[in-house]
Amino acid sequence: MRTWFLCKVKYAKENEEGLLKNISEQYMVDAVSFTEAEAIIYDRLGSQIRGDFQVTNLSKSNIVDVFYYEDADIWYKCKICYLVADADSGKEKKVTQYMIVTAADVKEAYDRIQESLSNMLVSFRIPDIVESPIVEVFPYEKDEVAEQLPEGNFRPLSEVEEDQE
């Protein structure tokens, strides 16, 4: 299961008049720890933001899933509610989860969440959709891990096991 971290970043940005103005933006990162989330933010934003920036807040997010569509850049936070039966007692329990989706407006966000969750086996409601302050989402990318490995005599585990037999 993914762990999403919300990262608030503060930096000076040049406005239309050429003056520097301090702004704070939120980013979301898929990471296994706070340390990794902060490292990813510094790595990704180091090339995007000119000058110094500071991570002012880092917290675990309650987001369970992210649906990205390339045609939109506004993130909407959607509250999803559904009922599940408890296996032991047989009673129904209400489950609430939060997901984010890119869309042009609230109606499109609603339609996209409906489409993305259409394969759920239980019926669900979407009682709330709000525009999120998140600027960008950095999902886990497998290629990054491979690039971080030092040079060496690395072989797949299956080859090593074959050699030992």
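1. The structure is a predicted model, and the remarks below should be read accordingly. Strands β5 and β7 are antiparallel, with 6 bridges joining them.

2. The sheet to which these strands belong is open and consists of 4 strands in the order β4-β6-β5-β7, with mixed pairing. Its edge strands, each pairing on one side only, are β4 and β7. From one strand to the next, the twist averages 25°. Helix α2 packs on this sheet and touches β4, β5, β6 and β7. The direction of α2 makes about 120° with that of β6.

3. Which residues of α2 are buried? They are Ala109, Arg112, Ile113 and Ser116. Viewed down the helix axis, the buried residues of α2 fall within an arc of 100°, and they therefore line one face of the helix. An α-helix has 3.6 residues a turn, so residues three or four places apart point the same way. On the other side of α2, Lys107 and Glu115 are exposed. The buried residues pack against β4 (63-67), β5 (74-85), β6 (92-103) and β7 (124-131).

4. Is Arg112 buried or exposed? Arg112 counts as buried because its relative accessibility is 8%, below the limit of 20%. Neighbours within four places in sequence set aside, Arg112 is in contact with Tyr69, Asp71, Ala72, Val101, Thr102 and Ala103.

5. The start of α2 shows a contact between side chain and backbone. There, a side-chain oxygen of Asp105 comes to within 3.3 Å of the backbone nitrogen of Lys107.

6. Another open sheet has 4 strands in the order β3-β1-β2-β8, again with mixed pairing. Here the edge strands are β3 and β8 (134-138), each pairing on one side only. The twist in this sheet averages 25° from one strand to the next.

7. Within this sheet, β1 and β2 run antiparallel and are joined by 11 bridges. Leu6 stands opposite Met28 in β2. The two strands form a hairpin with 5 residues between them. In the turn, Gly18 has a positive phi of about 90°. β1 is also joined to β3, by 7 bridges, and these strands run antiparallel. On the β3 side, Lys10 has Gln54 as its bridge partner.

8. Helix α1 lies across β1, β2, β3 and β8. It runs at about 145° to β3. Ala37 lies in this helix. With a relative accessibility of 0%, Ala37 counts as buried. Setting aside neighbours within four places in sequence, the residues in contact with Ala37 are Phe5, Val29, Ala31 and Leu58. Ala37 and Lys60 are 23 residues apart in sequence, and their C-alpha atoms are 9.9 Å apart in space.

9. Which residues have the most contacts inside the largest nonpolar core? They are Val9, Val29, Ile41, Leu45, Phe53 and Phe138, in a core of 16 residues. At least two residues of this core come from each of β1 (4-14), β2 (20-30), α1 (34-46) and β3 (53-60). Apart from this core lies another, of 15 residues, among them Met99, Val101, Phe124 and Ile129.

10. Residues up to four places away in sequence not being counted, Val29 touches Thr3, Trp4, Phe5, Cys7, Ala37, Ile40, Ile41 and Phe138.

Key. Residues are numbered from 1 along each chain as its sequence is written. This is a predicted model: local features need pLDDT of at least 70, side-chain atom pairs count only at pLDDT 80 or more; totals for chains, interfaces and linings use all residues. Side-chain values use heavy atoms; hydrogens and water are left out. A nonpolar core is a set of buried Ala, Val, Leu, Ile, Met, Phe, Trp, Tyr and Cys residues joined through side-chain atoms within 4.5 Å. Buried means under 20% relative accessible area, exposed over 50%, partly exposed in between (1.4 Å probe, protein chains only). Contact means heavy atoms within 4.5 Å. The arc is that of the directions from the helix axis to the C-beta atoms. A polar contact is a pair of N or O atoms within 3.5 Å; within protein, one must be able to donate a hydrogen and the other to accept it, and residues adjacent in sequence count only if both atoms are side-chain atoms. Two strands pair if DSSP finds at least two bridges between them. Axes are lines fitted to C-alpha atoms, for helices over the stretch in contact, and angles run from 0 to 180 degrees between N-to-C directions.
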